[in-house]
Structures are given as C-alpha cells and as structure tokens.
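Here are some notes for a colleague opening this structure for the first time.

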Amino acid sequence: MPAQTTPSPVTITFANAAPTSKSSSTTTSSSSSSTSTQGVYVLNAKNFDSSLKDGKAWLIEFYAPWCSHCVRFAPTYEIIAQQLHSKQQTSKSITRRVNVAKVDGAAERALSSRFGVRGFPTFFLVDGWTVREYEGNRSEEKIIKFVMEEYKNVEPVPFLFGPFGPMGQLRAFLMWGGTIVVGMYESLTEERGMKPLVAMAVLCSGGMALGLVLIVVIGILLMPKAKQD
C-alpha cells in the first residue's frame, strides 16, 4: 500500500458571491477557507487506496473529459459533494459519513479496469471492501438518497470479481502492464525511429529475458533447504 496522502480538492466558486475590497481581501480569504465546504475530491492511482482507508464511505464517479454526459452532470455532482460534506461539518451526531470523489477514467485506465468500468459516467459506492454500483437516475435527490439509505437494497459486487478482490487486482495489473508496453513501443518507433517489426522484436526479447529472470528468482526462493540438526 502506498503512503497515505490527501486527495486534491476541487474548489467551487459561487457566481453570486459579493465582491470584496482589496483592504478586506486577506480577512475574507482567511474566513472563507475555514468555513467553506469541501468540494469533490480528485482521486488517482497514487492516492486512491490510501484515501479510502479513512473509515468513511466513498461515492466515486468514473468520468472522461470528452464525455458530454459527464460534462453536463458535473455541476450537479459538485452540489452533491457540497451537500454530503456539509452534513459531516454541521452534524456531529451523523452516523454515516460519505465522501464524494471522481476519477478520470480515461487517464487512470488501471483503476477503470480494476472496477470493470464499461462506460462513462459510472458511479460506485465504496464502503470498506464492499462495493456497490449505482445505476439509477443521475439526480441530486436520487443519488444522495442512495448513498445514505437505499444502498442497502442493492446487491454488492462479488468480492472475487470486485476491485479489491483477486480478479479486480489482476485486471488492473494487466492494464498497467499493457500501458507500459504500449508506451515503450511508441517510444521505440517515434523517438528512436525503429521500424514496427524491430520494435516488437525488442519488446518480445525484453519480455522473455524478464520472464527467465523471474523464473530463476522464484526457483531460488522456493528451493528446499537442508534441515540442520
């Protein structure tokens, strides 16, 4: 697990906020920073697992910048984040705390593959190792009601095939490895000017060499040792 880091917040600016004079800008900035409500968290491969270890439930949207549905829904999702995060600040007696986050699924392909994302936007409610997919209407009222109450009526994703299970981890690893190989192939053909067949041969040779090294290392580690009297 990577070291725990804090996900990057998205700041929301209200268009109808009254302008302030330069003389009071410092005071206003200090006051607003202490009372403003957290917006949507931005998660990526580096801070994903560490962020989800805070003991809270997480509503996560997988989106793509080029997705028109995602773009239209973005303002509503910001309002949902404000609503759910403000409940944590204003009500100390609240028993269910939900953080709201988003992942650029087009850029974070390993995370998308880990969750089995097939289109954008896709929403998941992650509560510990329990994962539920939200497939209802994309409205503020419906989504808030789902994460606070109605999630109990939705069957969780089976752990074996979920993002925290072996199949999810395997999908993420394969996508991560594939991304690296594609990047290396593009580097060899575009930057070094190799022909496609030559670049493929180099990658295959490197893969075979790496495989042999791993086999030798695993064989040494698993080699039986003589007992000592």
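1. Helix 3 packs against helix 5, which covers residues 140-148, at an angle of about 40 degrees, and their axes are 10 Å apart. Please keep in mind that this is a predicted model.

2. The crossing of the two helices, helix 3 and helix 5, is right-handed.

3. Which residues make this contact? Helix 3 contributes F73, T76, I79, I80, Q83 and L84, and helix 5 contributes E140, I143, I144, V147 and M148. Sorted by class, the contact between helix 3 and helix 5 consists of eight nonpolar, two polar and one charged residues.

4. Turning to charged pairs, the count of salt bridges is three. One of them joins R114 to D49, with 2.8 Å between the closest N and O atoms. R114 belongs to helix 4 (residues 109-115) and D49 to helix 2 (residues 48-51), so this pair ties together parts that are 65 residues apart in sequence.

5. Another salt bridge links R96 with D127, and here the closest N and O atoms are 3.2 Å apart. R96 sits in the loop between helix 3 (68-90) and strand 4 (98-104), while D127 is in strand 5 (residues 122-127), so the pair ties together parts that are 31 residues apart in sequence. The relative accessibility of R96 is 12%, which counts as buried. For D127 the value is 30%, which counts as partly exposed.

6. There is also a salt bridge between E150 and K145, whose closest N and O atoms lie 3.8 Å apart. This pair still qualifies because the rule asks for a side-chain nitrogen within 4 Å of a carboxyl oxygen. E150 is partly exposed, with 33% relative accessible area, and K145 is partly exposed too, with 39%.

7. To recap for a reader going back to the model: helix 3 and helix 5 have a right-handed crossing, R114 pairs with D49, R96 pairs with D127, and E150 pairs with K145.

Methods. Residues numbered from 1 in each chain as written. Predicted model: local features only at pLDDT ≥ 70, side-chain atom pairs only at ≥ 80, totals over all residues. Heavy atoms only, no water. Helix = DSSP H or I, 4+ residues; strand = E, 2+ residues; numbered from the N terminus. Buried < 20%, exposed > 50% of the residue type's maximum accessible area, 1.4 Å probe, protein only. Axes fitted to C-alpha atoms, helices over the stretch in contact; angles between N-to-C directions. Left-handed = near helix turned anticlockwise from the far one by under 90°. Contact = heavy atoms within 4.5 Å. Nonpolar A, V, L, I, M, F, W, Y, C, P; charged D, E, K, R; others polar.
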